[in-house]
Amino acid sequence: MRYLHLVVTTLTGLLLIVGSLGMPATGDPDSPPSSHVSPRYIEQGYKETAVPNMVTFVLADYRSFDTLGEVTVIFTGAMAVLLILRGARSEAEE
Amino acid sequence: MKPGERDIIIRTVCRLLVPFVQLFGLYVIMHGHSSPGGGFQGGVIIASSFILLAMGDGYDEVKRRFSLGALTATTSAGVLLYAGLGVVCLMLGANYLDYAALPVSAARSVGMLLIEIAVGITVTAAIISIFHDLVTFE
């Protein structure tokens with residue numbers, strides 16, 4: 001049974017490596033993100049949002065859903081620490 | 001100096017630094033539009049000022065200044081504010097989190113400022129909450 005886990009993990013890892021071989025090279029100017037998304041942000045971003053900081057307008061405007069998820073992760077982290085540490089204390093008191 | 005007693009130099013320096021650290025944290029949140037920064041970084045800076053205060057005066061002294069229930073509520077309030085702004089955009093007839101629908105000038109920029117503030121509130125409260133749990137855990 002232990003070897004089954006090893007085999008499954010190795011196979012999944014190999015599959016992911018093979019899949020990543022099909023990705024465009026890092027910084028390739030002809031890759032889809034570089035030829036559609038990035039030029040749009042660089043050329044239209046300031047006109048559309050009136051915010052000069054490119055990092056901020058991509059993070060907080062175009063990818064606002066992603067940032068909402070990040071805030072939820074922080075919130076969940078704090079709540080998990082709260083439940084584990086304060087929960088353990090109230091159990092110890094009993 | 002008895003054990004447990006804190007040096008007056010350390011206490012004074014920590015107390016003097018705290019307002020400046022908090023002011024800088026607010027600046028980082030509010031100025032995230034046009035310079036490096038934003039809600040995450042500013043929130044951590046503000047939370048670190050509380051940790052600095054705890055290092056100087058001791059955590060019991062800091063603990064008296066806020067209630068745990070309010071801390072947990074504040075952690076949730078930031079996320080709620082963020083998600084609520086998205087719902088406001090929905091009610092104004094646009095897509096979720098499409099700030100262009102807000103009825104102010106430079107609406108997308110204002111929307112970004114509001115969510116940076118919401119992120120800052122959550123991060124500040126979350127870091128202080130985690131700090132409290134780690135410090136008081138036995």
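A crossing of two helices is called right-handed if the near helix is turned clockwise from the far one by less than a right angle, and left-handed if the turn is anticlockwise. By that definition, α2(B) and α5(B) make a right-handed crossing. The model is predicted.

**The α2–α5 pair of chain B**

- Two packed helices are described by the angle between their axes and the distance between the axes.
- For α2(B) and α5(B), the axes cross at roughly 35 degrees and come within 7 Å.
- On the α2(B) side, the residues that meet α5(B) are B:G39, B:F40, B:G42, B:G43, B:V44, B:I46, B:A47, B:F50 and B:I51.
- On the α5(B) side, they are B:E116, B:I117, B:V119, B:G120, B:V123, B:T124, B:I127, B:I128 and B:F131.
- Sorted by class, this contact of α2(B) with α5(B) holds 12 nonpolar residues, five polar and one charged.

**Chain B as a whole**

- Chain B contains five helices and zero strands, in the order α-α-α-α-α from the N terminus.
- The C-alpha trace of chain B spans about 65 × 30 × 20 Å along its principal axes.
- The radius of gyration of chain B is 18 Å, whereas a compact globule of 138 residues would have one near 14 Å.
- Of the 138 residues in chain B, 36% are buried.
- Among the contacts in chain B with a separation of 6 or more, 64% join residues 24 or more positions apart.

**The largest nonpolar core**

- The largest nonpolar core has 37 residues, and those touching the most other members are A:V71, B:Y82, B:M112, B:I115, B:V119 and B:A126.
- Two or more residues of this core come from each of α3 (54-62) and α4 (64-93) of chain A, and from each of α1 (8-30), α2 (39-57), α4 and α5 of chain B.
- The most is given by α5(B), with 13 residues.
- Leaving out residues up to four places away in sequence, B:Y82 touches A:L68 and A:V71 in chain A, and B:I115, B:A118 and B:V119 in chain B.

**The contact between chains A and B**

- Chain B brings 27 residues to the contact and chain A brings 24 residues.
- On the side of chain B that touches chain A, α4 (68-91) and α5 (107-136) each supply at least two residues.
- The largest share of that side, 12 residues, comes from α5(B).
- By class, the side of chain B that touches chain A has 13 nonpolar residues, 11 polar and three charged.

Technical notes:
Residues numbered from 1 in each chain as written. Chains lettered and ligands numbered in written order. Predicted model: local features only at pLDDT ≥ 70, side-chain atom pairs only at ≥ 80, totals over all residues. Contact = placed C-beta atoms within 7 Å. Helix = DSSP H or I, 4+ residues; strand = E, 2+ residues; numbered from the N terminus. Nonpolar A, V, L, I, M, F, W, Y, C, P; charged D, E, K, R; others polar. Core = buried A, V, L, I, M, F, W, Y, C linked by C-beta atoms within 7 Å. Buried ≥ 20, exposed ≤ 12 C-beta atoms within 10 Å, placed from the backbone. Rg over C-alpha atoms; globule rule 2.2 N^0.38 Å. Axes fitted to C-alpha atoms, helices over the stretch in contact; angles between N-to-C directions.
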